[in-house]
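Let's take a friendly walk through this structure. Have the model open beside you as you read.

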Amino acid sequence: MGSESNRSRRDPEEFQRDAVALVRSSGKTVTEVAREIGVSAEGLRSRVKRDTIDRGQGAPGELTSTEREELRRLRRQNREQAETIEVLRKAAVFFAKESDR
């Protein structure tokens, strides 16, 4: 129970960074490390892959976490601007009809 309660009090982001560092430094497989620290092997494998990409060592075209966040932000902004443009277009049509009366 000691290690379980200790792990639950740690910052999850810090715990994940430490787990990735352990995989990189121990020479053990992701599955072995995951089993030792009590996490999902697939989750840890995904985190190690994301860390590799963030270090600039990923395959060509893979986006870093920063780039992915910027892309999400820009897509959200684009969607909001498209909605604003649509509202303004409808308002222009409405007022054009009103001025013709």
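**A walk from ring to helix**

Start at Phe95, which is exposed, with a relative accessible area of 55%. Keep in mind that you are looking at a predicted model. Phe94 comes out at 46% relative accessibility and therefore counts as partly exposed, because the exposed class begins only over 50%.

How many aromatic pairs does the structure hold? There is 1. It joins Phe94 and Phe95, whose ring centres lie 5.2 Å apart with the planes at 75 degrees, so the pair is edge-to-face. The label follows because planes over 60 degrees apart count as edge-to-face.

Now move to Thr66, which lies in helix H5 (residues 65-100). With a relative accessibility of 62%, Thr66 counts as exposed. From Thr66 to Asp11 is 55 residues in sequence, and their C-alpha atoms are 21 Å apart in space.

Next, turn to helix H2, which covers residues 12-26. Which residues of H2 are buried? They are Phe15, Ala19, Val20 and Val23. Looking down the axis of H2, you will find these buried residues within an arc of 135 degrees, so they line one face of the helix.

Finally, step just past the end of H2 to Gly27, where phi is positive, at about 80 degrees.

Methods:
Residues numbered from 1 in each chain as written. Predicted model: local features only at pLDDT ≥ 70, side-chain atom pairs only at ≥ 80, totals over all residues. Heavy atoms only, no water. Helix = DSSP H or I, 4+ residues; strand = E, 2+ residues; numbered from the N terminus. Expected span 1.5 Å × (residues − 1). Buried < 20%, exposed > 50% of the residue type's maximum accessible area, 1.4 Å probe, protein only. Arc of directions from axis to C-beta. Phe/Tyr/Trp six-rings, centres within 6.5 Å; stacked < 30°, edge-to-face > 60°.
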